[in-house]
Amino acid sequence: MSRALIVTADDFGMSVEVNEAVEEAHRKGILTCASLVVAGDAVDDALRRAARMPDLGVGLHLTLYGALASHAEPSRLAPDGVNLGESPASTGALMMFSPRVREAARREIAAQFAAYGKTGLALGHLDGHWHCHQHPAVLAMAIEAGRTLGLRAVRLPYEPWRFSRAVAGTGNLPRLAHALSHWPLAHMMRRQIAAAGLRTSDRFFGKTDAGFVSQALLERLAAHLPQGVTELGLHPATSTWSGPHAPPPGWAQAEELAALTSPRVRAALDTAGIRLIRWSDLP
């Protein structure tokens, strides 16, 4: 077996600062994919950049809460027309137990896939803002909506404990707690993805370190990457922006961009014999 790494930037189209980072990290660094927010404030700018980067793998970054919902038509998920609250827990509970909310979510998911289809971009993969697609009902609805666009791959945002600890160089309790609490959900996701005949990675990195993936962390990732396919998910930007959908305070997004374009990181991957691939490269 070989070792392959998919490097994905989330929030493409959310702001010009993110779009600038995606282009720089793809052209000058190791970024292979980006996940598009179809209702992002800078989605038109993102589409122009994607058109001149044909080797960039683009997919849909589904947004149901904590970010812009679809502007293809007024959002049906919330009275303010923007999102269904900020809490994954409360939102997930509503979708699980309320048929009315679940149907609203279905319409919103369909609208976002339809908006993506109008971009003319190939649908390389699916993932979710704050990993909203982990919700079993959301994933099922997204798979159904994505079939018409040729959806082939889905992010499975699970960091195995031993792998995550080895890369981070520490055995802190939050990593262990995250792995233990998310294993049942990851197991269910993997079964849903396989049953639909879709592809996913063997593991994920960047969830517990979201907003703080440094050059040192990427060098350790190269040194500890297991056999198979790993996805690295990041949130690079040339600078942190303000506004209602800005990232959490303190995120080091410019440092993530620096890590992605670091010659030392590229050299570490080359030395380890790690192939950089896109979601569409999966067999």
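**Exercise 1.** Leaving aside neighbours within four places in sequence, determine which residues His 178 is in contact with.

*Solution.* Contact means heavy atoms within 4.5 Å. With its neighbours within four places in sequence set aside, His 178 is in contact with Glu 159, Lys 207 and Thr 208. His 178 itself has its place in helix H7 (residues 173–195); helices (H or I, at least four residues) and strands (E, at least two) are DSSP runs, numbered from the N terminus. His 178 has 11% relative accessibility and therefore counts as buried, where buried means under 20% relative accessible area, exposed over 50% and partly exposed in between (1.4 Å probe, protein chains only).

The model is predicted: local features need pLDDT of at least 70, side-chain atom pairs count only at pLDDT 80 or more, and totals for chains, interfaces and linings use all residues. Residues are numbered from 1 along each chain as its sequence is written, and side-chain values use heavy atoms, with hydrogens and water left out.

**Exercise 2.** Describe how helices H4 and H5 cross, and state which residues make the contact.

*Solution.* Two packed helices are described by the angle between their axes and the distance between the axes.

1. The axes of H4 (residues 99–117) and H5 (residues 136–146) come within 9 Å and cross at roughly 40°. Axes are lines fitted to C-alpha atoms, for helices over the stretch in contact, and angles run from 0 to 180 degrees between N-to-C directions.
2. H4 is therefore oblique to H5: angles under 35 degrees count as roughly parallel, over 145 as roughly antiparallel, 65 to 115 as roughly perpendicular and the rest as oblique.
3. The crossing of H4 and H5 is right-handed; a crossing is left-handed if the near helix is turned anticlockwise from the far one by less than a right angle, and right-handed if clockwise.
4. H4 contributes Arg 102, Ala 105, Arg 106, Ile 109, Ala 110 and Phe 113 to the contact, and H5 contributes Ala 137, Val 138, Met 141, Ala 142, Glu 144, Ala 145 and Gly 146.
5. These residues divide into 9 nonpolar, 1 polar and 3 charged. Ala, Val, Leu, Ile, Met, Phe, Trp, Tyr, Cys and Pro count as nonpolar, Asp, Glu, Lys and Arg as charged, and the others, Gly among them, as polar.

**Exercise 3.** Asp 11 and Trp 130 are not glycine; state the phi of each and where each residue lies.

*Solution.* Most residues other than glycine have a negative phi. Asp 11 has a positive phi, near 70°. Asp 11 lies in strand E1 (residues 3–12) and, at 6% relative accessibility, counts as buried. For Trp 130, phi is positive at about 55°. Trp 130 is found in the loop between strand E4 (126–128) and H5, and its 41% relative accessibility makes it partly exposed.
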